[in-house]
Amino acid sequence: GRAASAAESANKAAADMTATLNAEKAMQESMRALITPRVLSPEQIANMKEKLKEYQDTPFDFAVTDDLDAKRLLMQVGTMLLDSGWLWGSPPTLSGFTLGFDNGHQAAELSFDGLSIDIAESQRSKLEKPALALLNGLLGAGIKAGANSTPDDKINVAFDKKSLHIIIGKR
């Protein structure tokens, strides 16, 4: 009786400690994800450029949060896309500011979390494959991202429906 009860208490205490340790570990990993910069390595960029060159002349634009990590990632992705023959267009004219970059290109400023690649439903046949190639490259490089195809009537009028939109926010 008493020994079995003591063993049961010890097992429960061990299970509780394990759960606490696992929760702590998960919290540390999510904290690390928040402070680790989103950066593409030269190898990741080279691999992505090989795949993205197939879709040269794809028009794209950027909207970005005024955040150092987001702007640094925009420069890496933008340079990679230009090197792949993609066409960096004028930024959407949103209510915020337009941010200029050292390469002479611009992005609209927008408060956002995460990274999203958006295309208009009407352009799916033209832009879906390049959008998915970029998405898969980013995901393969460990960068959280998503892609959306939006019905034309739901798209912000500031966005050019013929372009692929890359929206980079805070992590």
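Okay, let's start with leucine 82: leaving out residues up to four places away in sequence, leucine 82 touches Trp88, Asn103 and His105, where contact means heavy atoms within 4.5 Å. Before I go on, this is a predicted model, so local features need pLDDT of at least 70 and side-chain atom pairs count only at pLDDT 80 or more, while totals for chains, interfaces and linings use all residues. Residues are numbered from 1 along each chain as its sequence is written, and side-chain values use heavy atoms, with hydrogens and water left out.

Back to leucine 82, which sits in helix α3; helices here are DSSP runs of H or I, at least four residues, strands are runs of E, at least two, and both are numbered from the N terminus. Its relative accessibility is 29%, so leucine 82 counts as partly exposed (buried is under 20% relative accessible area, exposed over 50%, partly exposed in between, with a 1.4 Å probe and protein chains only).

Now, how do α2 and α3 cross? The axes of α2 (residues 42–52) and α3 (residues 68–83) come within 9 Å and cross at roughly 45°. For the axes, lines are fitted to C-alpha atoms over the stretch in contact, and angles run from 0 to 180 degrees between N-to-C directions. That makes α2 oblique to α3, since under 35 degrees is roughly parallel, over 145 roughly antiparallel, 65 to 115 roughly perpendicular and the rest oblique. On the α2 side the contact is made by Ile45, Met48, Lys49 and Leu52, and on the α3 side by Gln76, Met80, Leu81 and Asp83.

On to the cores. A nonpolar core is a set of buried Ala, Val, Leu, Ile, Met, Phe, Trp, Tyr and Cys residues joined through side-chain atoms within 4.5 Å. The largest has 33 residues, and Val77, Leu134, Leu164 and Ile166 touch the most other members. At least two residues of this core come from each of α2, β1 (59–64), α3, β5 (115–120), α4 (124–140) and β7 (164–168). A second, separate core of eight residues includes Ala63, Ala120, Ala158 and Ile167.

Last one: is arginine 38 buried or exposed? At 9% relative accessibility, arginine 38 counts as buried. You'll find arginine 38 in the loop between α1 (2–35) and α2. Setting aside neighbours within four places in sequence, its contacts include Asp69, Gln76, Ile143 and Arg171.
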